[in-house]
Amino acid sequence: IFTPRGAGHSALLPFYYLTKRVIKMATKIDGVSKSDMFFVDDPNMIQIVEGFNHREDFSDLQNLVDSIVQRGIDTPLHVRRNRGNKEQPFALIAGERRLRAVHIAHDNGSTHVRIPVIVKQVDDQQAFEDSVIENIERKNLNHVEESNAVIRMGQFGYTVKEVANRWNRSDQWVRERQILAEAHSEVKRAV
């Protein structure tokens, strides 16, 4: 039975009654207790929040779709509770490419794919920061997507120094992304 980390039995009931489409899990994965990790069978239960992700290019997912159909998903998606939404009880924080690939797999009839998720208790600012850091660390973002993320962090009140420290980048790197964000669209396309 699934119980969120640090929660008593009273926290169990909402998850028990949430849906039969969620498969609970309370085991050790790679030797680490993951009481806040479980599997979701239906990708439609996870909402992709439009305008939240800084990634713009989701083309070329077919290799990822093929891998997921054959091997499943190795890295869990990070989600948070989407309170008040019974159809989509989770909102995506990180893993949008994987979730989009699962949607494609399901649309093509591969409904056996289970989605590992980790539920995090974070606010909008922390969720956005977690999403950016995951992609920055993987070096998946292009320069324009990085610049959009830097601007968004500024909207949350972060200074250049704070962004640089959080992303383990130089102040100059952050300033360059700020300049690019203000560049003409033709310049952005050329980058």
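**Contacts and rings in the predicted model**

The side chain of Glu146 reaches the side chain of Arg177 in a polar contact of 2.7 Å. This comes from a predicted model. Glu146 belongs to helix α5, which covers residues 143-155. With a relative accessible area of 9%, Glu146 counts as buried, because the cut-off for that label is under 20%.

Next comes helix α6, made of residues 160-167, where Val163, Ala164 and Trp167 are buried. Looking down the axis of α6, the buried residues fall within an arc of 100°, so they line one face of the helix. Just after α6, Asn168 takes a positive phi of about 55°.

Now for the rings. A pair of aromatic rings is described by how far apart the centres are and by the angle of the planes. The structure has 2 aromatic pairs. One of them joins Phe38 and Phe90 in a tilted arrangement, 5.6 Å centre to centre with 55° between the planes. This pair links distant parts of the chain, as Phe38 sits in strand β4 and Phe90 in strand β7, 52 residues apart. Phe38 is buried, at a relative accessible area of 0%, and Phe90 is buried at 0% too.

Phe128 and Phe156 also form a tilted pair, with 5.7 Å between centres and 40° between the planes. Phe128 lies in helix α4 and Phe156 in the loop between α5 and α6, so the pair ties together parts 28 residues apart in sequence. Phe128 is buried at 2% relative accessibility, whereas Phe156, at 24%, is partly exposed.

The charged end of Arg114 sits over the ring of Phe39, 4.3 Å from its centre, and that of Arg169 sits over the ring of Trp173, 5.3 Å from its centre.

Key:
Residues numbered from 1 in each chain as written. Predicted model: local features only at pLDDT ≥ 70, side-chain atom pairs only at ≥ 80, totals over all residues. Heavy atoms only, no water. Helix = DSSP H or I, 4+ residues; strand = E, 2+ residues; numbered from the N terminus. Buried < 20%, exposed > 50% of the residue type's maximum accessible area, 1.4 Å probe, protein only. Polar contact = N/O pair within 3.5 Å; in protein donor to acceptor, adjacent residues only side chain to side chain. Arc of directions from axis to C-beta. Phe/Tyr/Trp six-rings, centres within 6.5 Å; stacked < 30°, edge-to-face > 60°. Lys NZ or Arg CZ within 6 Å of the ring centre and 35° of its normal.
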